[in-house]
Amino acid sequence: SASNLFSMYHQFDRTSRSGPKAFVSEYAVTGKDAGTGSLLASLAEAAFLIGLEKNSDIVEMASYAPLFVNTNDRRWNPDAIVFNSSHLYGTPSYWVQRFFAESSGATLLTSTLKGNSTSLVASAISWENNGKDYIRIKAVNFGANSVNMKVLVTGLDPNVMRVTGSKKTVLTSTNVMDENSFSQPEKVVPHESLLEMAEEDMTVVLPPHSFSSFDLLKESAKIKMPISDSSSHQKTTTV
């Protein structure tokens, strides 16, 4: 189920570092929670992938499966990419994979998610693109309420943080069981916008049932993320 896979993001935290490396083969949410490719399934998979990313010293490879399905010969649900003789679309699980495109070869940053939230998973990496260094913060809000997450990044020049190129990307939908289809191939896809920051501290809103990433130009790698439910009292939850 989606909740089971979400809870497995700590799966490799205590794995011995002196033994063999791990290959996580053919992971996916299946059954009722998955449908033929739901947002709910993709969020659980995103949280699980964040856990693998944070344990990449022991988990060397991972593969989502199945990758393709011909809609005229569907034998398994869900699949990442659905096609027929003339069209194709990616499921939400496919779009989750795209969020991790820069993870291979990136540097995992030391980060802390402070507070009590049991529905939030997050990580931070750094990588270089076109000669510029970036931090990418990824966060899954698996809960039904919006979360305010305050990101504290040390070592960033406030003037640099205003440049074009800092952006946020969010994958969510109005219903957690929403799926893409040939008639609505972009019902559940990531939406990108500019990220406006005035200082080193910024507060970002994580919508209910969402996967978000925040790309920042960076000079340092210490990050703290206190969070709160936007609909209730302040909580401090660490990536």
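**Exposure and strand pairing**

Modeller: Ser 85 counts as exposed, because its relative accessibility is 77% (buried means under 20% relative accessible area, exposed over 50%, partly exposed in between, with a 1.4 Å probe and protein chains only). This is a predicted model, in which local features need pLDDT of at least 70, side-chain atom pairs count only at pLDDT 80 or more, and totals for chains, interfaces and linings use all residues. Residues are numbered from 1 along each chain as its sequence is written, and side-chain values use heavy atoms, with hydrogens and water left out.

Colleague: Where does Ser 85 lie?

Modeller: Ser 85 lies in the loop between β4 and β5 (strands are DSSP runs of E, at least two residues, numbered from the N terminus). From Ser 85 to Asn 72 the C-alpha distance is 9.2 Å, at a separation of 13 residues in sequence.

Colleague: How do β4 and β5 run, and how many bridges join them?

Modeller: Strands of a sheet pair through backbone hydrogen bonds, either parallel or antiparallel. Here β4 (residues 81-83) and β5 run antiparallel, joined by 3 bridges; two strands pair if DSSP finds at least two bridges between them. Val 82 has Tyr 89 in β5 as its bridge partner.

Colleague: Which strands stand at the edges of the sheet?

Modeller: The sheet is open, has 3 strands in the order β3-β4-β5, and shows mixed pairing. β3 (68-70) and β5 (88-90) stand at the edges; each has a single partner strand, so one side of each is left without a neighbour in the sheet.

Definitions and conventions:
Helices (H or I, at least four residues) and strands (E, at least two) are DSSP runs, numbered from the N terminus.
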